[in-house]
Amino acid sequence: MSFAQLIGDWHALAVLFVAGVVPNQIWRMLGLWFGGGIDEGSELLVWVRAVATAILAGVIAQIVVEPPGALASVPDVLRYGAVGAGLVVFLLTRRSIFAGVVAGEVFLLAGTWWLG
Amino acid sequence: MALPPLDSPQWQSPGRAFAWGLRSITQTILTVVLFVTYLGIGALAHDSHFSLLWALCSTLFVWAGPAQIILITTLGSGATVIQSAIAVTVSAIRLFPMVVSVLPLMRTPTTKRREMIFAAHLTAVTLWVECHRFLPQVPRERRIAFVHGLGCGLVSVCLTANTVGYFLAANLTQTLGAAILLLTPLSFLFSTARNSREVADVVALALGILLYPLAAKMNSGLDILVSGLAAGTIAYGVHWWREVRA
(Lines give C-alpha, C1' and ligand atoms only; values in the text may rest on other atoms or scores of the structure.)
Protein backbone atom coordinates (compact mmCIF):
# COMPACT_ATOMS: atom_id res chain seq x y z
CA MET A 1 0.00 0.00 0.00
CA SER A 2 1.48 3.34 -1.00
CA PHE A 3 1.48 6.55 0.98
CA ALA A 4 -0.77 8.20 -1.65
CA GLN A 5 -3.34 5.40 -1.23
CA LEU A 6 -3.44 6.00 2.52
CA ILE A 7 -4.12 9.71 1.97
CA GLY A 8 -6.62 9.34 -0.87
CA ASP A 9 -7.91 12.27 -2.90
CA TRP A 10 -9.30 15.63 -1.83
CA HIS A 11 -12.58 15.03 -3.60
CA ALA A 12 -13.44 12.14 -1.27
CA LEU A 13 -12.55 14.27 1.76
CA ALA A 14 -14.81 17.07 0.48
CA VAL A 15 -17.66 14.55 0.12
CA LEU A 16 -16.98 13.39 3.70
CA PHE A 17 -17.35 16.98 4.89
CA VAL A 18 -20.59 17.67 2.97
CA ALA A 19 -22.38 14.34 3.49
CA GLY A 20 -20.87 13.34 6.85
CA VAL A 21 -19.51 16.14 9.01
CA VAL A 22 -22.09 18.88 8.33
CA PRO A 23 -25.23 16.68 8.76
CA ASN A 24 -23.97 15.52 12.18
CA GLN A 25 -22.63 18.78 13.56
CA ILE A 26 -25.82 20.64 12.62
CA TRP A 27 -27.83 18.58 15.11
CA ARG A 28 -25.21 18.81 17.86
CA MET A 29 -24.94 22.58 17.52
CA LEU A 30 -28.74 22.95 17.43
CA GLY A 31 -28.83 20.92 20.65
CA LEU A 32 -26.21 23.23 22.18
CA TRP A 33 -28.14 26.32 21.05
CA PHE A 34 -31.74 25.34 21.79
CA GLY A 35 -31.18 22.90 24.65
CA GLY A 36 -33.70 23.22 27.44
CA GLY A 37 -36.92 23.91 25.58
CA ILE A 38 -37.31 20.38 24.23
CA ASP A 39 -39.26 17.60 25.91
CA GLU A 40 -37.26 14.39 25.49
CA GLY A 41 -40.41 12.25 25.55
CA SER A 42 -42.30 14.26 22.91
CA GLU A 43 -44.17 12.32 20.21
CA LEU A 44 -42.13 13.89 17.40
CA LEU A 45 -38.89 12.65 18.96
CA VAL A 46 -40.33 9.14 19.40
CA TRP A 47 -41.05 9.05 15.64
CA VAL A 48 -37.65 10.55 14.76
CA ARG A 49 -35.87 7.99 16.91
CA ALA A 50 -37.85 5.14 15.31
CA VAL A 51 -36.95 6.32 11.78
CA ALA A 52 -33.28 6.77 12.73
CA THR A 53 -33.20 3.25 14.22
CA ALA A 54 -34.85 1.80 11.09
CA ILE A 55 -32.33 3.55 8.81
CA LEU A 56 -29.48 2.02 10.81
CA ALA A 57 -31.25 -1.37 10.64
CA GLY A 58 -31.45 -1.01 6.86
CA VAL A 59 -27.71 -0.40 6.65
CA ILE A 60 -27.03 -3.45 8.81
CA ALA A 61 -29.20 -5.48 6.40
CA GLN A 62 -27.45 -3.96 3.37
CA ILE A 63 -24.00 -5.03 4.60
CA VAL A 64 -25.24 -8.61 5.05
CA VAL A 65 -27.45 -8.83 1.92
CA GLU A 66 -25.18 -6.92 -0.52
CA PRO A 67 -21.80 -7.34 1.21
CA PRO A 68 -18.75 -5.24 0.34
CA GLY A 69 -15.25 -6.58 -0.42
CA ALA A 70 -14.08 -9.77 1.24
CA LEU A 71 -17.47 -10.46 2.85
CA ALA A 72 -18.92 -11.04 -0.65
CA SER A 73 -16.77 -14.19 -0.90
CA VAL A 74 -18.78 -15.82 1.91
CA PRO A 75 -21.85 -17.83 0.75
CA ASP A 76 -25.27 -16.23 1.54
CA VAL A 77 -26.29 -19.02 3.91
CA LEU A 78 -23.19 -18.50 6.08
CA ARG A 79 -23.68 -14.74 6.36
CA TYR A 80 -27.36 -15.07 7.30
CA GLY A 81 -26.57 -18.03 9.57
CA ALA A 82 -23.85 -16.07 11.38
CA VAL A 83 -26.24 -13.19 12.14
CA GLY A 84 -28.93 -15.68 13.21
CA ALA A 85 -26.57 -17.64 15.47
CA GLY A 86 -25.27 -14.41 17.00
CA LEU A 87 -28.82 -13.21 17.65
CA VAL A 88 -29.83 -16.47 19.38
CA VAL A 89 -26.77 -16.35 21.66
CA PHE A 90 -27.32 -12.61 22.32
CA LEU A 91 -30.88 -13.34 23.49
CA LEU A 92 -29.87 -16.43 25.49
CA THR A 93 -27.13 -14.54 27.35
CA ARG A 94 -29.49 -11.78 28.51
CA ARG A 95 -28.41 -9.40 25.77
CA SER A 96 -24.62 -9.74 25.95
CA ILE A 97 -23.22 -7.83 22.95
CA PHE A 98 -19.87 -9.56 23.37
CA ALA A 99 -21.32 -13.11 23.40
CA GLY A 100 -23.48 -12.34 20.35
CA VAL A 101 -20.58 -10.98 18.31
CA VAL A 102 -18.29 -13.89 19.24
CA ALA A 103 -20.99 -16.47 18.37
CA GLY A 104 -21.62 -14.87 14.96
CA GLU A 105 -17.90 -14.78 14.17
CA VAL A 106 -17.36 -18.39 15.29
CA PHE A 107 -20.29 -19.51 13.10
CA LEU A 108 -18.82 -17.69 10.08
CA LEU A 109 -15.28 -19.02 10.55
CA ALA A 110 -16.37 -22.59 11.38
CA GLY A 111 -18.76 -22.60 8.43
CA THR A 112 -16.12 -21.37 6.00
CA TRP A 113 -13.70 -24.02 7.27
CA TRP A 114 -16.39 -26.73 7.06
CA LEU A 115 -17.30 -25.83 3.47
CA GLY A 116 -13.57 -25.78 2.67
CA MET B 1 -10.13 2.28 39.86
CA ALA B 2 -12.64 4.36 41.81
CA LEU B 3 -13.00 8.10 41.26
CA PRO B 4 -11.83 10.25 44.23
CA PRO B 5 -14.54 11.57 46.59
CA LEU B 6 -16.22 14.83 45.56
CA ASP B 7 -14.33 16.92 48.14
CA SER B 8 -10.90 15.42 47.33
CA PRO B 9 -8.03 17.81 46.39
CA GLN B 10 -7.64 15.57 43.30
CA TRP B 11 -10.41 17.63 41.71
CA GLN B 12 -8.78 21.03 42.32
CA SER B 13 -7.20 21.36 38.89
CA PRO B 14 -9.01 20.95 35.54
CA GLY B 15 -5.94 19.05 34.25
CA ARG B 16 -6.36 16.39 36.93
CA ALA B 17 -10.08 16.14 36.11
CA PHE B 18 -9.17 15.64 32.42
CA ALA B 19 -6.77 12.86 33.42
CA TRP B 20 -9.45 11.14 35.54
CA GLY B 21 -11.81 11.31 32.55
CA LEU B 22 -9.13 9.80 30.34
CA ARG B 23 -8.52 6.98 32.82
CA SER B 24 -12.23 6.25 33.11
CA ILE B 25 -12.26 4.63 29.66
CA THR B 26 -10.71 1.57 31.34
CA GLN B 27 -13.80 1.31 33.57
CA THR B 28 -16.37 0.36 30.97
CA ILE B 29 -17.07 -2.60 28.70
CA LEU B 30 -18.36 -0.08 26.14
CA THR B 31 -14.72 0.78 25.36
CA VAL B 32 -14.24 -2.81 24.11
CA VAL B 33 -17.48 -2.64 22.11
CA LEU B 34 -16.32 0.65 20.55
CA PHE B 35 -12.91 -0.84 19.70
CA VAL B 36 -14.52 -3.80 17.95
CA THR B 37 -17.02 -1.56 16.13
CA TYR B 38 -14.32 0.82 14.87
CA LEU B 39 -12.09 -2.11 13.89
CA GLY B 40 -14.99 -3.10 11.61
CA ILE B 41 -15.43 0.47 10.33
CA GLY B 42 -11.73 0.62 9.40
CA ALA B 43 -12.05 -2.67 7.50
CA LEU B 44 -15.29 -1.54 5.86
CA ALA B 45 -13.62 1.70 4.72
CA HIS B 46 -10.76 -0.30 3.20
CA ASP B 47 -12.98 -2.74 1.32
CA SER B 48 -15.25 0.10 0.11
CA HIS B 49 -12.14 1.81 -1.36
CA PHE B 50 -11.76 4.74 1.01
CA SER B 51 -8.31 5.91 2.18
CA LEU B 52 -7.05 5.49 5.75
CA LEU B 53 -6.91 9.29 6.15
CA TRP B 54 -10.57 9.44 5.08
CA ALA B 55 -11.53 6.82 7.68
CA LEU B 56 -9.61 8.64 10.44
CA CYS B 57 -11.11 12.02 9.47
CA SER B 58 -14.59 10.52 9.56
CA THR B 59 -13.98 9.26 13.11
CA LEU B 60 -12.48 12.58 14.25
CA PHE B 61 -15.00 14.94 12.68
CA VAL B 62 -18.21 12.89 12.39
CA TRP B 63 -17.76 10.90 15.62
CA ALA B 64 -20.95 8.86 15.30
CA GLY B 65 -20.59 5.19 14.36
CA PRO B 66 -24.02 4.73 12.72
CA ALA B 67 -23.54 7.85 10.56
CA GLN B 68 -20.09 6.62 9.55
CA ILE B 69 -21.28 3.21 8.36
CA ILE B 70 -24.30 4.75 6.58
CA LEU B 71 -21.89 7.12 4.81
CA ILE B 72 -19.39 4.40 3.85
CA THR B 73 -22.06 1.91 2.78
CA THR B 74 -24.17 4.31 0.71
CA LEU B 75 -21.24 6.11 -0.98
CA GLY B 76 -19.46 2.78 -1.50
CA SER B 77 -22.49 1.29 -3.25
CA GLY B 78 -22.86 4.22 -5.66
CA ALA B 79 -25.35 6.58 -4.00
CA THR B 80 -24.97 10.28 -4.83
CA VAL B 81 -23.60 12.78 -2.30
CA ILE B 82 -27.12 14.22 -1.82
CA GLN B 83 -28.67 10.79 -1.16
CA SER B 84 -25.96 9.95 1.40
CA ALA B 85 -26.25 13.37 3.02
CA ILE B 86 -30.02 12.93 3.46
CA ALA B 87 -29.63 9.45 5.01
CA VAL B 88 -26.88 10.68 7.36
CA THR B 89 -28.83 13.82 8.33
CA VAL B 90 -31.86 11.74 9.31
CA SER B 91 -29.73 9.26 11.27
CA ALA B 92 -27.99 12.14 13.08
CA ILE B 93 -31.19 13.72 14.39
CA ARG B 94 -30.90 11.46 17.44
CA LEU B 95 -27.78 13.46 18.46
CA PHE B 96 -30.02 16.48 19.11
CA PRO B 97 -31.95 15.10 22.12
CA MET B 98 -28.69 13.52 23.39
CA VAL B 99 -26.90 16.88 23.46
CA VAL B 100 -29.98 18.57 24.93
CA SER B 101 -30.11 16.06 27.79
CA VAL B 102 -26.38 15.71 28.51
CA LEU B 103 -25.19 19.34 28.57
CA PRO B 104 -27.29 20.38 31.61
CA LEU B 105 -25.35 17.72 33.58
CA MET B 106 -22.12 19.72 33.17
CA ARG B 107 -23.42 23.28 33.18
CA THR B 108 -22.83 25.67 36.10
CA PRO B 109 -24.61 29.05 36.44
CA THR B 110 -21.49 30.75 35.01
CA THR B 111 -20.80 28.33 32.13
CA LYS B 112 -20.75 30.00 28.73
CA ARG B 113 -22.12 28.26 25.68
CA ARG B 114 -18.78 28.28 23.83
CA GLU B 115 -17.14 26.36 26.70
CA MET B 116 -19.44 23.44 25.89
CA ILE B 117 -18.86 23.30 22.10
CA PHE B 118 -16.22 20.57 22.35
CA ALA B 119 -18.31 18.56 24.81
CA ALA B 120 -21.25 18.82 22.36
CA HIS B 121 -19.00 17.54 19.56
CA LEU B 122 -17.90 14.59 21.70
CA THR B 123 -21.51 13.65 22.47
CA ALA B 124 -22.52 10.35 20.87
CA VAL B 125 -24.28 7.35 22.29
CA THR B 126 -21.35 5.91 24.31
CA LEU B 127 -20.37 9.22 25.89
CA TRP B 128 -24.03 9.95 26.60
CA VAL B 129 -24.43 6.67 28.49
CA GLU B 130 -21.17 7.13 30.40
CA CYS B 131 -21.94 10.75 31.38
CA HIS B 132 -25.10 9.63 33.13
CA ARG B 133 -23.05 7.00 34.98
CA PHE B 134 -19.86 8.95 35.86
CA LEU B 135 -20.87 12.61 36.21
CA PRO B 136 -22.73 12.29 39.54
CA GLN B 137 -19.33 11.28 40.99
CA VAL B 138 -17.56 14.38 39.60
CA PRO B 139 -17.78 17.89 41.15
CA ARG B 140 -19.93 20.06 38.88
CA GLU B 141 -17.25 22.69 38.14
CA ARG B 142 -14.86 19.96 36.85
CA ARG B 143 -17.35 18.03 34.74
CA ILE B 144 -16.52 19.69 31.39
CA ALA B 145 -12.80 18.89 31.86
CA PHE B 146 -13.67 15.33 32.87
CA VAL B 147 -15.89 14.86 29.77
CA HIS B 148 -13.13 16.26 27.55
CA GLY B 149 -10.76 13.64 28.97
CA LEU B 150 -13.27 10.81 28.64
CA GLY B 151 -14.16 11.84 25.08
CA CYS B 152 -10.54 12.23 23.96
CA GLY B 153 -9.77 8.80 25.39
CA LEU B 154 -12.63 7.18 23.49
CA VAL B 155 -11.72 8.97 20.24
CA SER B 156 -8.11 7.76 20.58
CA VAL B 157 -9.28 4.17 21.09
CA CYS B 158 -11.41 4.42 17.95
CA LEU B 159 -8.66 5.99 15.81
CA THR B 160 -6.34 3.15 16.84
CA ALA B 161 -9.04 0.57 16.05
CA ASN B 162 -9.69 2.17 12.62
CA THR B 163 -6.00 1.94 11.73
CA VAL B 164 -5.68 -1.66 12.90
CA GLY B 165 -8.89 -2.68 11.09
CA TYR B 166 -7.79 -0.96 7.88
CA PHE B 167 -4.46 -2.78 7.76
CA LEU B 168 -6.01 -6.10 8.78
CA ALA B 169 -8.49 -5.84 5.90
CA ALA B 170 -5.62 -5.02 3.54
CA ASN B 171 -3.40 -7.90 4.63
CA LEU B 172 -5.53 -10.74 5.95
CA THR B 173 -6.71 -13.75 3.99
CA GLN B 174 -10.15 -13.44 2.45
CA THR B 175 -11.82 -15.50 5.21
CA LEU B 176 -10.38 -13.45 8.07
CA GLY B 177 -11.08 -10.24 6.14
CA ALA B 178 -14.73 -11.31 5.85
CA ALA B 179 -14.80 -12.01 9.60
CA ILE B 180 -13.55 -8.46 10.38
CA LEU B 181 -16.18 -6.96 8.04
CA LEU B 182 -18.93 -8.94 9.77
CA LEU B 183 -18.01 -7.22 13.07
CA THR B 184 -19.82 -4.04 11.97
CA PRO B 185 -23.33 -5.46 11.37
CA LEU B 186 -23.05 -7.75 14.42
CA SER B 187 -21.90 -5.08 16.88
CA PHE B 188 -24.42 -2.50 15.63
CA LEU B 189 -27.29 -4.99 15.62
CA PHE B 190 -26.65 -6.11 19.19
CA SER B 191 -25.77 -2.71 20.66
CA THR B 192 -28.90 -1.18 19.09
CA ALA B 193 -31.02 -4.09 20.33
CA ARG B 194 -29.56 -3.64 23.81
CA ASN B 195 -30.38 0.09 23.82
CA SER B 196 -33.96 -0.55 22.62
CA ARG B 197 -36.05 -0.07 25.71
CA GLU B 198 -39.37 0.79 24.14
CA VAL B 199 -41.53 -1.28 21.81
CA ALA B 200 -41.19 1.34 19.06
CA ASP B 201 -37.40 0.86 19.05
CA VAL B 202 -37.62 -2.93 18.80
CA VAL B 203 -40.21 -2.82 15.99
CA ALA B 204 -38.16 -0.20 14.10
CA LEU B 205 -35.04 -2.37 14.34
CA ALA B 206 -36.71 -5.62 13.25
CA LEU B 207 -38.87 -4.10 10.50
CA GLY B 208 -35.99 -1.94 9.25
CA ILE B 209 -33.95 -5.10 8.64
CA LEU B 210 -36.85 -7.02 7.04
CA LEU B 211 -38.05 -4.17 4.79
CA TYR B 212 -34.61 -3.28 3.39
CA PRO B 213 -34.42 -6.22 0.93
CA LEU B 214 -37.91 -5.30 -0.36
CA ALA B 215 -36.99 -1.63 -0.76
CA ALA B 216 -33.76 -2.63 -2.52
CA LYS B 217 -35.80 -4.46 -5.17
CA MET B 218 -37.36 -1.13 -6.15
CA ASN B 219 -33.89 0.10 -7.02
CA SER B 220 -34.76 3.75 -6.45
CA GLY B 221 -31.33 4.71 -5.16
CA LEU B 222 -33.07 5.78 -1.96
CA ASP B 223 -33.57 2.23 -0.65
CA ILE B 224 -32.28 3.01 2.84
CA LEU B 225 -34.51 6.06 3.20
CA VAL B 226 -37.59 4.28 1.84
CA SER B 227 -37.27 1.27 4.14
CA GLY B 228 -36.22 3.48 7.09
CA LEU B 229 -39.17 5.88 6.76
CA ALA B 230 -41.66 3.03 6.25
CA ALA B 231 -40.37 0.86 9.10
CA GLY B 232 -39.90 3.81 11.46
CA THR B 233 -43.38 5.18 10.79
CA ILE B 234 -44.99 1.75 11.30
CA ALA B 235 -43.02 1.40 14.56
CA TYR B 236 -44.29 4.80 15.66
CA GLY B 237 -47.83 3.67 14.74
CA VAL B 238 -47.44 0.65 17.03
CA HIS B 239 -46.22 2.93 19.82
CA TRP B 240 -49.18 5.31 19.25
CA TRP B 241 -51.71 2.47 19.16
CA ARG B 242 -50.43 1.06 22.47
CA GLU B 243 -50.59 4.53 24.08
CA VAL B 244 -54.18 4.99 22.92
CA ARG B 245 -55.24 1.59 24.22
CA ALA B 246 -53.46 2.01 27.54
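The buried residues of helix 1 of chain B are covered by elements that include helix 9 (143–171) of chain B. Here, helices are DSSP runs of H or I of at least four residues, numbered from the N terminus. Covering rests on contact, that is, C-beta atoms, placed from the backbone, within 7 Å of each other. The model is a predicted one: local features need pLDDT of at least 70, side-chain atom pairs count only at pLDDT 80 or more, and totals for chains, interfaces and linings use all residues. Residues are numbered from 1 along each chain as its sequence is written, while chains are lettered from A and ligands numbered from 1 in the order in which they are written.

Helix 1 of chain B spans residues 14–23, and its buried residues are Ala17(B), Phe18(B), Trp20(B) and Gly21(B). They lie on the same side of helix 1 of chain B, because they cover an arc of only 160° around the axis. The arc is taken from the directions that run from the helix axis to the C-beta atoms. A residue is buried if 20 or more other C-beta atoms lie within 10 Å of its own, exposed if 12 or fewer, and partly exposed in between.

The contact between the chains draws 65 residues from chain A and 87 residues from chain B. On the side of chain B that touches chain A, helix 10 (residues 174–195) of chain B gives the most, with 19 residues. This side of chain B has 57 nonpolar, 25 polar and five charged residues. Nonpolar means Ala, Val, Leu, Ile, Met, Phe, Trp, Tyr, Cys and Pro; charged means Asp, Glu, Lys and Arg; the others, Gly among them, are polar.

Helix 10 of chain B packs against helix 4 (residues 76–92) of chain A. The angle is about 35°, and the axes are 11 Å apart. Axes are lines fitted to C-alpha atoms, for helices over the stretch in contact, and angles run from 0 to 180 degrees between N-to-C directions. The crossing of the two helices is right-handed, meaning that the near helix is turned clockwise from the far one by less than a right angle. Helix 4 of chain A contributes Ala82(A), Val83(A), Gly86(A) and Phe90(A). Helix 10 of chain B contributes Leu182(B), Pro185(B), Leu186(B), Leu189(B), Phe190(B) and Ala193(B). Nine of these residues are nonpolar, one is polar and none is charged.

Ala82(A) lies in helix 4 of chain A and is buried, with 27 C-beta neighbours inside 10 Å. Beyond four places in sequence, Ala82(A) is in contact with Gly104(A), Phe107(A), Leu108(A) and Leu182(B). Gly100(A) belongs to helix 5 of chain A. It counts as buried because it has 27 C-beta neighbours inside 10 Å. Among the residues that Gly100(A) touches are Gly86(A), Phe90(A), Leu186(B) and Phe190(B). The C-alpha atoms of Gly100(A) and Gly84(A) are separated by 9.6 Å.

The largest nonpolar core has 111 residues. Such a core is a set of buried Ala, Val, Leu, Ile, Met, Phe, Trp, Tyr and Cys residues joined through C-beta atoms within 7 Å. Ile55(A), Ile60(A) and Ala204(B) touch the most other members. Helix 3 (residues 43–65) of chain A gives the most to this core, with 12 residues. Leu56(A) counts as buried, with 27 C-beta neighbours inside 10 Å. Leu56(A) touches Pro66(B), Ser91(B), Phe188(B) and Thr192(B), residues up to four places away in sequence not being counted.

In chain B, Val62(B) lies in helix 3 (residues 52–62). Val62(B) is buried, with 24 C-beta neighbours inside 10 Å. Its contacts, leaving aside neighbours within four places in sequence, are Gly20(A), Val21(A), Asn24(A), Ala67(B) and Gln68(B). Trp63(B) lies in the loop between helix 3 and helix 4 (65–76) of chain B.

Most residues other than glycine have a negative phi. Trp63(B), however, has a positive phi of about 50°. Trp63(B) is buried, with 23 other C-beta atoms within 10 Å. Arg94(A) also has a positive phi, near 55°. Arg94(A) sits in the loop between helix 4 and helix 5 (97–115) of chain A. Arg94(A) counts as exposed because it has 8 C-beta neighbours inside 10 Å.

Definitions and conventions
Contact = placed C-beta atoms within 7 Å.
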